[in-house]
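Please look over the sequence and the structure below before reading the notes.

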Amino acid sequence: MKPTFIGIGAQKCASSWLYDILSDHPEVVVSEKKELDFFSYQYERGYEWYEAQFQEKLGARAVGEISPSYFNEASVPERIKLYAPEAKILLSLRSPVERALSQHRHLVRIGYVTGPDFSFEHALNYNPSYLEQGQYARHLSRWLEHFPSEQVKIVLMEDILQSPQHVARSVYQFLNIDPEHLSGALNEKSNPSYAIRSRSLDQMICTLRGAADRTGLGPVWRGVGQLGLQRFYRGINRRPSQQIIPKARPETLENLKEAFREDTIKLQTMLGTDLSAWL
């Protein structure tokens, strides 16, 4: 099936929530795997592989996927325009400072930040993507060169937290599907942050999960997890990220706000939305 909408990120800006509220909508087909990364990292697989990721469903009116890697990859807007010029584009954003903090927690979780210094300040000095991915106006302007604004829907994470049902309804209306659907994921926290106690144990679990998916035993694996083993594993091998990541210093956050100020003001003008809280 060929997608009618594509979610493009941004990273750590509630794209998992968007995927979840679309996954249980009866008129929507999404890829089983949330982040296909086709137009960014898997482009050589070709359109046939891509369209095979979407399964037929009776009554479906919208088909799509969400890959946060798309937003800031320069080649992606042109690739999607070439493939699906009529596709609707979904984008979720949040305060770029909060996004950078969330990215740091995520990188600690997946082992890209290995310590012994897990501080935000230390990682910020060595990872330019913390700043680069928060340059929303710069990235969005590239998308608007290829897609008219009426084909682009932008939601703010702050609005999701304040009124998830209202935001979900606006997304459903944008996709021309039943806006009255009440998703079971409306008030769920998607993709929460945590730190891994044993990296080797986590790698073993990931390997077993991947083997189950490749051999067609994915449903069995998930069924076993629902019996309580998943909760047990998380209890022994996960801990709150704040236990190992020191709180960011106030002066660091103020300096970040200043670093993002010019781009945020440009974005504010582009969207016609008050973003003064970000500043």
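**Helix packing and burial**

Helix H7 and helix H12 (residues 250-271) pack at an angle of about 40°, and their axes are 8 Å apart. The model is a predicted one. In the protein there are 12 helices and 7 strands.

**H7 against H12**

- The two helices, H7 and H12, are therefore oblique to each other; angles count as roughly parallel under 35 degrees and as roughly perpendicular from 65 to 115.
- On the H7 side, the contact is made by Tyr 136, Ala 137, Arg 138, Leu 140, Ser 141 and Leu 144.
- On the H12 side, these residues meet Asp 263, Lys 266, Leu 267, Met 270 and Leu 271.
- By class, the residues of the contact of H7 with H12 are 7 nonpolar, 1 polar and 3 charged.

**H1 against H9**

- The axes of helix H1 (residues 15-23) and helix H9 (residues 164-174) come within 11 Å and cross at roughly 70°.
- That angle makes H1 roughly perpendicular to H9, since the range from 65 to 115 degrees counts as such.
- The crossing of H1 and H9 is right-handed.
- H1 contributes Trp 17, Leu 18, Ile 21 and Leu 22, which meet Pro 164, Val 167, Ala 168, Val 171 and Tyr 172 of H9.
- The residues of the contact of H1 with H9 comprise 9 nonpolar, no polar and no charged.

**The two faces of H3**

- Helix H3 (residues 76-83) has Val 76, Pro 77, Ile 80 and Tyr 83 as buried residues.
- Viewed down the axis of H3, the buried residues fall within an arc of 135°, so they line one face of the helix.
- Glu 78 and Leu 82 are exposed, and they sit on the face of H3 turned away from its buried side.
- The cover over the buried residues of H3 includes strand E1 (5-7), helix H2 (46-51), strand E4 (88-93) and helix H7 (136-144).

**Whole-protein figures**

- Of the 279 residues in the protein, 46% are buried.
- Among contacts in the protein with a separation of 6 or more, 78% are between residues 24 or more positions apart.

Definitions and conventions: Residues are numbered from 1 along each chain as its sequence is written. This is a predicted model: local features need pLDDT of at least 70, side-chain atom pairs count only at pLDDT 80 or more; totals for chains, interfaces and linings use all residues. Side-chain values use heavy atoms; hydrogens and water are left out. Axes are lines fitted to C-alpha atoms, for helices over the stretch in contact, and angles run from 0 to 180 degrees between N-to-C directions. Helices (H or I, at least four residues) and strands (E, at least two) are DSSP runs, numbered from the N terminus. Angles under 35 degrees count as roughly parallel, over 145 as roughly antiparallel, 65 to 115 as roughly perpendicular and the rest as oblique. A crossing is left-handed if the near helix is turned anticlockwise from the far one by less than a right angle, and right-handed if clockwise. Contact means heavy atoms within 4.5 Å. Ala, Val, Leu, Ile, Met, Phe, Trp, Tyr, Cys and Pro count as nonpolar, Asp, Glu, Lys and Arg as charged, and the others, Gly among them, as polar. Buried means under 20% relative accessible area, exposed over 50%, partly exposed in between (1.4 Å probe, protein chains only). The arc is that of the directions from the helix axis to the C-beta atoms.
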